[in-house]
Amino acid sequence: MVKIKFPAALAVLGLVIALAIFTAKVGAFGNTVVAPNARPNVLEHITFASTFTDADARYLQTSLEWLREYLPEWYTYVADAKPLLFAQDETQRARGIISYAKCCYTRGTGAITFSAPLGQWNLDEMPAVPGVQAQQVQFLSVLIHEVTHIRDVRAGRFEHARDARTCIAAEQSANDSELAFARALTRVQITGDANARANYRLIADKHLEITQDNAEGVAWKIVCFLMHDE
Ligand SMILES: [Zn+2]
């Protein structure tokens with residue numbers, strides 16, 4: 001990442017110029033140009049419920065910034081689902097619920113509730129690799145899943161998931177997105193030393209395998225039948 005330092009008196013002017021150049025370049029070449037000093041706030045149009053901690057918000061910010069840097073098309077996929085409301089409800093954990101999405105509230109806000117502090121998921125199947133990447137990959141995958149539900153409802157798909165069949169169709173859509181995201185993760189070339197890159201590769205490959213097994217399994221279909229037992 002290139003950083004440019006301006007003398008203090010010129011900082012504001014410099015930022016205005018940088019933004020103007022950034023805007024002009026984006027207009028000309030699309031989103032491929034990354035301008036130094038132009039760091040849009042990834043938390044814009046996101047509201048946090050009182051149950052959502054500051055640590056969670058920081059984790060979300062770091063994760064979204066990682067996503068924007070390495071997989072901008074998937075960052076856009078999430079950003080397009082704004083406005084979003086994030087909440088945390090640990091009582092859901094006892095019911096075996098990791099997260100859930102609801103769409104939509106006031107001003108079309110899509111809500112995502114997590115049952116654990118962000119960054120604390122660790123699937124048993126995931127190898128114990130040092131660093132935050134394993135948890136972050138799993139968290140982003142859950143986020144993509146829930147964002148898909150919100151996008152689908154906004155687009156008028158599966159709006160009334162009140163029976164097992166519609167529930168399965170909606171979950172299939174979210175699982176398909178997670179799978180596409182898992183494949184995209186395996187194509188990411190992260191910066192860092194050879195060790196960090198090897199660790200990342202291990203995580204991304206394992207995550208794809210877990211996501212594939214989950215999508216092909218029947219557990220989520222059974223949950224749909226149990227939730228809509230008539
Ligand atoms: Zn789902």
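## The sheet

Five bridges join strand β2 to strand β4 (residues 110-114), and the two run parallel. The model is predicted: local features need pLDDT of at least 70, side-chain atom pairs count only at pLDDT 80 or more, and totals for chains, interfaces and linings use all residues. Residues are numbered from 1 along each chain as its sequence is written. Helices (H or I, at least four residues) and strands (E, at least two) are DSSP runs, numbered from the N terminus. Two strands pair if DSSP finds at least two bridges between them.

The open sheet has four strands in the order β1-β2-β4-β3, with mixed pairing. β1 and β3 (99-102) are its edge strands, each pairing on one side only. On average, neighbouring strands are turned by 20° against each other, direction ignored. Axes are lines fitted to C-alpha atoms, for helices over the stretch in contact; angles run from 0 to 180 degrees between N-to-C directions. In general, strands of a sheet pair through backbone hydrogen bonds, either parallel or antiparallel.

F86 faces I112 in β4, and Q88 stands opposite F114. On the other pairing of β2, strand β1 (residues 46-48) runs parallel to β2 and is joined to it by three bridges. There I46 stands opposite L84 in β2. β3 and β4 pair in the antiparallel sense over four bridges. A101 has I112 in β4 as its bridge partner.

Side chains alternate along β2 (residues 84-88). A residue is buried if 20 or more other C-beta atoms lie within 10 Å of its own, exposed if 12 or fewer, and partly exposed in between, with C-beta atoms placed from the backbone. Four of the five residues of β4 are buried, so β4 is largely enclosed by the rest of the structure.

## Overall make-up

The protein has seven helices and four strands. From the N terminus on, the elements run α-β-α-α-β-β-β-α-α-α-α. Buried residues make up 23% of the 230 residues. Take the contacts between residues at least 6 apart in sequence: 64% of them join residues at least 24 apart. Here contact means that the C-beta atoms of two residues, placed from the backbone, lie within 7 Å.

## Helix packing

Helix α2 (residues 54-70) and helix α3 (residues 72-79) pack at about 130°, with axes 5 Å apart. That makes α2 oblique to α3. Angles under 35 degrees count as roughly parallel, over 145 as roughly antiparallel, 65 to 115 as roughly perpendicular, and the rest as oblique. L64, L67 and R68 in α2 meet P72, W74, Y75 and V78 in α3. By class, this contact has six nonpolar, no polar and one charged residues. Ala, Val, Leu, Ile, Met, Phe, Trp, Tyr, Cys and Pro count as nonpolar; Asp, Glu, Lys and Arg as charged; the others, Gly among them, as polar.

α2 also packs against α4, at about 85° with axes 11 Å apart. α2 and α4 are therefore roughly perpendicular to each other. S63, W66 and L67 in α2 meet Q136, F139 and L140 in α4. This contact has four nonpolar, two polar and no charged residues. α4 lies across β3 and β4, running at about 25° to β3.

## Nonpolar cores

A nonpolar core is a set of buried Ala, Val, Leu, Ile, Met, Phe, Trp, Tyr and Cys residues joined through C-beta atoms within 7 Å. The largest has 28 residues; V78, F86, V137, L140, L143, I144 and V147 touch the most other members. α2, α3, β2, β4, α4 (133-154), α5 (164-186) and α6 (194-216) each supply at least two of its residues. α4 gives the largest share, eight residues. Apart from this core lies another, of five residues, among them F158, C167, A174 and C224.

L140 also links to α2: leaving aside its neighbours within four places in sequence, L140 is in contact with S63 and L67. In soluble globular proteins, nonpolar side chains tend to be buried together.
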